[in-house]
Structure formats: C-alpha cells, structure tokens
Amino acid sequence: MTTEEKLHQGSPAGQRLVYVMPEQALGGLHDDHMGLRELWNATWRGKWLIIAVTSVFTVSAVTYALTASQWYRAEVVLAPAEEETSASLGGQLGGLAALAGVSVGGRGSAEAIAGLKSREFAREFIEDFDLLPVFFAEKWDSQQERWRGDAPEEWPDVRDAVRYFHENVLEVSEDGQTRMVTLGVEWTQPELAAEWANALVQRLNSRLRERALREAEANVAYLQSEFARANVVTLQQSIGRLLESELQKLMLARGNDDFAFRVVDAASPPKQSVRPKRTLIVLVGTFLGGALGVFSVLIVHLIRSEQK
C-alpha cells in the first residue's frame with residue numbers, strides 16, 4: 001500500500017486529500033515571469049521600429065511647433081467706473097422714480113461686461129475695422145478683393161466673424177473679490193492684439209456714455225415737464241431732487257470719457273506668444289510616437305505567436 005493510500009485511509013470519511021506539487025503551485029508565477037520576459041525580449045528585438053516611429057512623430061511635432069502660427073495675448077486691466085448716487089436719494093425716491101420710469105443709481109459693471117460680450121458690439125467692431133477678410137484670410141483673394149469660390153452660400157459673413165471673434169480672439173473675465181475686469185485679445189500679430197484691446201475698451205466706454213446721455217436727457221426733459229405741471233409742493237420737491245440727480249448724471253457722462261471702465265493697465269504689444277506651446281507639443285508627440293511604436297511591436301509579436 002502506497003503512502004498516498006495510507007493517508008487516504010486515515011483521513012475522515014467522505015473527504016479526499018488533494019496534493020499539489022510545488023511546481024504546480026509556482027506555475028502561474030512562473031508563467032507570468034516568462035510572459036513579462038517574453039514581452040521585454042520582443043520589445044528589445046523591435047527597438048529599431050520603436051525608434052523609427054518615435055523619431056517620425058518627434059520630427060513632425062517639431063516641424064508643426066516651428067511652422068504653426070504664433071498667437072499673442074494682449075490684456076487690459078479695468079476697474080468699474082460706477083455712477084455715484086446718494087443712498088438716501090434712492091431710498092426716499094425709489095418708488096417715485098420707478099413710477100416715472102427714471103433710473104436712480106448706477107447699473108454697475110454687469111451691464112458693461114454684458115455689452116462687451118454682446119454680438120451687436122462685436123459686429124460693429126468687426127464692420128468698422130473691416131475684420132471679416134482678416135479673420136478668414138485663407139478664403140479671401142486679396143488681389144481681386146473677393147471671396148474664393150463661386151458659391152456665395154459658402155462665403156463667410158459677419159455672423160461667422162462674430163462667432164470666430166468670441167471663440168478665438170476675445171476673452172473677458174472678472175475677479176469676484178476685487179471686481180477687476182481683464183479683457184484679453186489673442187491674435188497672430190502682437191501690435192494688432194494690443195490695438196484691438198485698447199480700442200474695444202474705448203469703444204465700449206463711448207457706446208455706454210452716449211446711451212447714458214440719451215437716457216439722462218430724456219429723463220431731464222420728462223422731469224421738467226412733470227415739475228411744471230405738479231401742484232403739490234412735496235411732489236415738486238421730490239421731482240426736483242430727481243431732476244437734480246439726472247442733471248448730475250448728465251454732467252458726469254459729458255465730462256467723463258472712462259464712463260463704464262477705468263483703465264488700470266492699458267494693453268501693450270506682448271513679447272512672448274501664448275500658443276502653440278512648442279515644448280509641450282514636442283513632448284506629447286515624442287510620447288505618442290514611443291507608445292505607438294511599442295504597441296506596434298507587441299501586436300506584431302502576438303500575431304506571430306498565434307501563428308506559431
């Protein structure tokens with residue numbers, strides 16, 4: 001009787017002892033070790049293919065980084081130039097002003113920022129500076145001064161220019177704590193980027209200033225007519241204070257060029273480009289080339305192993 005049979009007879013009824021040889025226990029680890037070694041050997045055998053693919057990607061990335069158009073960013077730092085209005089005047093005459101349709105107090109920077117981001121403001125800026133051929137220079141024939149192609153429906157219009165302007169050129173951000181507004185303009189020519197940034201602020205101040213002048217003049221004319229028809233002394237006093245407030249706003253609007261925003265730091269032509277990031281492009285291209293080379297070598301190795 002063998003040792004295994006004796007042990008089996010001495011075991012409890014209904015149970016069997018299973019013996020695992022050490023070679024079987026270490027078989028999985030051994031296979032994994034051999035698999036990793038095999039993959040490493042396959043990678044080493046295909047090192048020239050990996051080097052070739054990585055070199056191609058690296059050279060392509062360097063070429064793109066050197067030949068791609070460089071974009072520069074010019075920034076203007078702005079502070080809201082809000083209208084100063086007496087708090088007591090707003091509290092005492094707020095209801096009367098609402099009934100009369102007269103605005104009391106400044107609107108703050110929200111309206112100015114909304115106007116800066118509006119499509120109408122962008123369209124006027126693009127049309128006045130004739131930027132449609134500039135934004136879509138690849139589609140514009142400068143010699144014949146016409147769009148390339150014979151299909152007018154494929155020619156870009158001002159709507160395309162406004163979308164391009166908001167997506168690629170203009171960026172407006174506001175600091176929630178300091179309420180400082182940063183207007184950024186990105187373009188391939190640093191001088192133009194700075195010129196457009198400063199021009200946008202100037203045009204916005206002028207636009208909102210003219211609107212405030214029209215509103216204040218209309219309010220003054222209305223209040224003067226209501227003051228002349230009022231028979232109650234207290235009502236005349238209230239209308240008089242409202243009229244004084246509108247006259248102050250009219251005076252401030254006429255004598256203040258920085259109506260919506262006060263320029264803290266004007267834009268100047270930038271020296272360094274913001275994109276493309278050449279170093280990052282080269283690193284990413286090299287990494288992708290190396291990864292693709294290793295992947296190709298392993299795929300070829302697996303196919304040959306299956307065939308064998």
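Modeller: With the rings and charges. This is a predicted model. The charged end of Arg275 sits over the ring of Trp71, at 4.1 Å from the ring centre. A second case involves Lys47, whose charged end lies over the ring of Trp44, 4.5 Å from the centre.

Colleague: How many helices and strands does the protein have?

Modeller: The secondary structure comes to 12 helices and 7 strands. The protein has 308 residues, and 31% of them count as buried. Among contacts with a separation of 6 or more, 76% are between residues 24 or more positions apart.

Colleague: What describes a pair of aromatic rings?

Modeller: Two values are used: the distance of the centres and the angle of the planes. In this protein the count comes to 10 aromatic pairs. One of them is Phe125 with Phe165, with 5.9 Å from centre to centre and 40 degrees between the planes, and this pair is tilted.

Colleague: Which helices hold Phe125 and Phe165?

Modeller: Phe125 lies in helix α7, residues 119–129, and Phe165 in helix α9, residues 158–169, so the pair ties together parts that are 40 residues apart in sequence.

Colleague: Is Phe125 buried or exposed?

Modeller: Buried means under 20% relative accessible area. Phe125 has 0% relative accessibility and therefore counts as buried. Phe165 has a relative accessible area of 1%, so this residue is buried too.

The rings of Trp187 and Trp196 make another tilted pair, with centres 5.4 Å apart and planes at 50 degrees. Trp187 is buried at 6% relative accessibility, and Trp196 is buried at 2%.

Colleague: Which residues form the aromatic cluster?

Modeller: One cluster is made up of Trp71, Phe125, Phe129, Phe135, Phe136, Tyr164, Phe165, Trp187 and Trp196.

Colleague: Next, pockets. What does rolling a probe over the atoms show?

Modeller: A probe the size of a water molecule, rolled over the atoms, shows where empty space is left. Here the largest pocket has a volume of about 220 Å³. Two elements each give two or more residues to its lining, α3 (27–45) and α12 (278–307).

Colleague: Which element gives the most to the lining of the largest pocket?

Modeller: That is α12, with 6 residues. The lining consists of Ala42, Arg45, Gly46, Leu49, Ser296, Val297, Val300, His301, Arg304, Ser305 and Lys308. By class, the lining has 4 nonpolar, 4 polar and 3 charged residues.

Colleague: Now contacts. With which residues is Arg207 in contact, leaving aside its neighbours within four places in sequence?

Modeller: Arg207 is in contact with Glu120, Phe121 and Glu124. Arg207 is found in helix α10, residues 190–229. At 18% relative accessibility, Arg207 counts as buried.

Colleague: One last item. How far apart are the C-alpha atoms of Ser60 and Ile281?

Modeller: They are separated by 9.9 Å, while the two residues are 221 residues apart along the chain. Ser60 is placed in helix α4, residues 47–67. With a relative accessible area of 43%, Ser60 is partly exposed.

Technical notes:
Residues numbered from 1 in each chain as written. Predicted model: local features only at pLDDT ≥ 70, side-chain atom pairs only at ≥ 80, totals over all residues. Heavy atoms only, no water. 1 Å grid on protein atoms, 1.4 Å probe; cavity = no way out; pocket = protein on both sides within 12 Å on 5 of 7 lines; lining within 4 Å. Points joined across faces, edges and corners; volume = space filled by probe spheres on them. Helix = DSSP H or I, 4+ residues; strand = E, 2+ residues; numbered from the N terminus. Nonpolar A, V, L, I, M, F, W, Y, C, P; charged D, E, K, R; others polar. Phe/Tyr/Trp six-rings, centres within 6.5 Å; stacked < 30°, edge-to-face > 60°. Buried < 20%, exposed > 50% of the residue type's maximum accessible area, 1.4 Å probe, protein only. Lys NZ or Arg CZ within 6 Å of the ring centre and 35° of its normal. Contact = heavy atoms within 4.5 Å.
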